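Look at the structure below before reading on.

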Amino acid sequence: MSKTEFLKRTRDLVKNRELASLYEEYEKELSESNNFDFEDMISHVTRAFKADPDFLLTYQERFHYFLVDEYQDTNSAQNEVINLLASYYKERSDVFVVGDPDQAIMRFQGASIENQLSFVRRYQEVLVITLRQNYRSAQPILDAAYSLISHNELRIDDVVEGLDSRLVGNLKDKSSINLVTAPSSILEDLYLVRKIKELEKSGTLPEEIVVIYRNNLDGQILSSTLAKFGIDYVVQGGGNVLAEPVVKRFLKILRVVDELRRKEEDIHLFTILNYDIFGIDPLDVLKISRCAADNKATLFDVIADRKLLDKLNLRTADKVVSALSELANWQDLDANNTFVQFFEQVLTESGYLKSVLDSPDVHNQITRLNTLFEEVKKMNRADHDLNLRSFLDNLDLMEQNNLRIEEGVIKHRKSAITLTTAHSAKGLEWKHVFVYRLFDGQWGNKRNSDLFHLPPSLVPNTDLSKKEKNEDERRLFYVALTRAKTHLYLVHAASYSLYGRSRQVAPSMFLFELGDEFNNNNLETPEEDLESDLYSLLAPAPKIEGRLEKEQAEFLAILVDKFSLSVTALNAYLECPYKFKLDKLLRLPRAKQPHLAFGTAVHAALESFYRRLKDEGLSPSKDFLLSAFKTALAKEILTKKETANRLEQGQKILTAYYDFFLKSFSPPVFLEKFSRVNLGDITLTGKIDRIDWLDRSARSVKVVDYKTGKPKSLGHIMGKTKDSTGDLHRQLVFYKLLIDLDRRLKVNFGIAELDFVQSPAEKDKSGKLTFEITSAEVDELKKLIREVMSDIRALKFPRTTNLETCKDCDFRDHCWPEGIAE
């Protein structure tokens with residue numbers, strides 16, 4: 001061993017000892033807090049199997065046959081579970097594994113090619129079946145991929161003697177491999193734009209086109225370019241929404257709200273004052289900034305000083321003052337509301353949501369904001385004291401530790417091409433595959449991120465001295481290549497803007513490993529005469545109404561295609577089709593209002609009460625009911641003040657309810673019963689609070705629906721008053737339709753009951769009203785459902801003409817930014 005190697009191994013040993021010490025402390029902390037992490041779900045099992053032979057034998061007797069798919073993606077702990085379970089039968093074990101070691105690309109998740117290399121050595125009598133026939137890619141693509149992967153030292157061919165893993169293509173379609181070298185990264189992007197448009201014009205479906213890149217950041221760079229040229233796209237596997245411009249811009253507003261408390265970070269305030277949503281003249285922002293510099297003051301100080309502001313002769317002075325006033329008001333919102341409510345109100349009141357809805361890329365942008373909002377709700381449920389400062393601290397912590405909020409994925413649109421990392425592309429295929437930004441250091445020769453080196457004893461089947469540093473990256477590139485059916489485009493530029501400077505780069509080393517035949521064919525250099533495209537690239541994304549309407553229509557059609565109609569959705573459409581689109585289809589971020597959170601807690605308490613009654617046959621105590629309510633309310637996102645008020649309200653209501661009906665509680669048939677049925681080609685769904693026996697011998701039932709709001713009159717319920725549309729009665733008819741169509745329930749609908757839970761507390765009388773539902777009413781509802789679904793499928797979402805409805809609508813400021821028209 002050389003002195004250099006000795007010193008390297010000594011450093012590795014010190015690092016590994018430090019790591020072992022840290023890991024011991026981590027495990028101790030987990031144990032003392034009665035927690036376990038994701039990996040423990042498997043590692044605890046392996047420890048238990050090894051420590052208790054009888055426990056292991058119990059499961060060995062239970063499981064005799066083992067099938068493991070995607071074996072190359074298993075990690076050591078997963079592999080150990082299989083080996084332990086199969087160890088009883090030793091060489092006679094029935095273990096069937098399927099995998100391609102050349103596609104072992106999940107090492108960042110702990111997956112190891114070591115498992116496949118060790119398998120054939122562990123089971124000496126193993127039968128190795130090689131699947132050489134390929135039904136995805138044309139032969140030239142397979143040949144280039146084979147030439148590439150042959151440069152790896154660690155391959156199954158080297159372990160299994162006589163194995164030939166060269167693939168034979170079954171696809172006979174015309175194919176091509178194209179190497180594209182652009183002079184600059186801008187021209188590389190413009191080449192992609194032109195080529196994609198050319199393919200679409202020639203009849204290629206957008207869903208048959210993909211751009212594969214190495215890092216998520218590459219996708220963010222490309223997506224903005226595609227949007228400017230009117231090319232629709234979806235991101236496969238979901239990117240990190242925290243890195244998306246639509247999210248970063250909104251978070252910038254939130255940061256300014258927080259920073260204004262301390263009058264710090266003028267740069268952020270300067271940035272958001274230039275946002276279109278505030279309507280401030282850009283020249284005015286520059287004047288204010290210069291004034292602040294001249295007076296050695298902050299932007300906040302200048303804007304807050306109206307006399308100083310008036311001296312600047314601003315064109316939009318009132319809007320500047322209004323913007324600062326809004327920011328101050330949002331500080332009060334943060335202090336006096338749940339964070340979810342604060343988040344939603346800032347999103348709406350700022351006009352930011354409206355600007356997103358008007359953007360050319362609305363479907364992708366809304367999906368990203370929704371993903372962030374779902375994360376906000378998770379944080380607020382976990383921490384009821386969450387506020388703007390602690391939320392921003394959470395985001396900073398996530399950023400420091402490279403944690404992502406992965407974008408939610410919606411069904412692929414046929415009008416959209418796909419953008420994806422090579423990792424997320426695994427298992428998928430496209431006719432036209434563009435591999436993007438193929439330069440050295442990006443694909444191959446990446447900086448070594450292995451800060452800790454495994455001792456050779458942990459990977460006995462892998463000769464680490466032979467493991468060339470690019471083997472993992474080469475397998476990843478292999479996966480990217482083999483996503484292509486017929487046409488492969490390998491694209492790179494001669495220079496890229498890196499760290500603020502334009503730098504010449506070398507092509508990826510992998511391009512020189514694809515075989516001699518490839519290297520001499522189909523070379524392409526995009527022309528530099530692209531002035532019109534360069535202008536479009538630098539200009540703001542255009543609002544192309546025809547394309548925008550077409551893309552939105554297709555996006556909505558996808559949502560409608562998998563939409564199931566509940567009575568709540570039906571009533572929402574009847575109230576305002578446009579509100580239905582925003583709330584039920586697009587599901588714009590909305591905080592749960594306190595009265596709805598209260599209603600959820602009351603429902604949960606009554607469900608717990610009746611479930612105990614059903615299980616034990618005896619009525620639970622009043623304390624049980626009140627305790628169940630308190631527990632349920634604690635799960636809702638409310639301010640401390642609101643929680644205290646709602647707790648007092650709920651205890652009063654439920655105490656009176658319990659006392660009033662104490663002698664009449666009876667076990668239910670079903671609780672919170674969910675139904676999914678079909679009315680022709682329309683899917684209907686609903687959850688019924690409670691179903692009781694009406695006549696058990698006739699299997700006739702009573703459907704009960706709790707109402708936690710103020711009791712309503714019979715006229716209001718039936719839709720015969722001016723302020724009612726009959727939603728409540730329609731809900732009961734809908735429930736009868738569900739029961740009639742749901743054959744699994746095996747019961748007959750008898751009557752329906754609305755139970756106004758507040759009535760005993762407010763009026764000292766029962767709030768239960770019963771209704772018989774006629775066949776004629778059901779037939780009328782069926783007709784209405786068919787008409788509404790026909791309109792929904794036709795994407796008819798006009799705004800309501802009843803402006804009274806708009807006054808209390810959550811989307812009022814979106815539809816009426818200047819106020820509701822008189």
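Which residues have the most contacts inside the largest nonpolar core? In this predicted model, they are Phe 391, Leu 684 and Ile 785, in a core of 115 residues. Domain 4 (242-401) and domain 5 (594-794) both give residues to this core, so it lies between them.

**Nonpolar cores**

- Another core, of 32 residues, lies apart from the largest one. Its members include Ala 145, Ala 422, Ala 425 and Leu 476.
- Within the largest core, Ile 785 is one of the residues with the most contacts. Not counting residues up to four places away in sequence, Ile 785 touches Leu 565, Leu 570, Leu 679, Ile 682, Leu 684, Phe 734 and Leu 737.
- In soluble globular proteins, nonpolar side chains tend to be buried together.

**Gln 220**

- Helix H8 (residues 216-228) contains Gln 220.
- Gln 220 has a relative accessibility of 16%, so it counts as buried, the cut-off being under 20%.
- Beyond residues up to four places away in sequence, Gln 220 touches Asn 240, Ala 243 and Glu 244.

**Arg 315**

- Arg 315 sits in the loop between helix H13 (306-310) and helix H14 (317-336).
- Its relative accessibility is 63%, so Arg 315 counts as exposed, the cut-off being over 50%.
- Arg 315 is in contact with Asp 281, Leu 283 and Asp 284, leaving aside neighbours within four places in sequence.
- Leu 283 is 32 residues from Arg 315 along the chain, and their C-alpha atoms are separated by 8.5 Å.
- The side chains of Arg 315 and Asp 281 make a polar contact (3.1 Å).

Technical notes:
Residues are numbered from 1 along each chain as its sequence is written. This is a predicted model: local features need pLDDT of at least 70, side-chain atom pairs count only at pLDDT 80 or more; totals for chains, interfaces and linings use all residues. Side-chain values use heavy atoms; hydrogens and water are left out. A nonpolar core is a set of buried Ala, Val, Leu, Ile, Met, Phe, Trp, Tyr and Cys residues joined through side-chain atoms within 4.5 Å. Buried means under 20% relative accessible area, exposed over 50%, partly exposed in between (1.4 Å probe, protein chains only). Domain bounds come from an automatic or database domain assignment. Contact means heavy atoms within 4.5 Å. Helices (H or I, at least four residues) and strands (E, at least two) are DSSP runs, numbered from the N terminus. A polar contact is a pair of N or O atoms within 3.5 Å; within protein, one must be able to donate a hydrogen and the other to accept it, and residues adjacent in sequence count only if both atoms are side-chain atoms.
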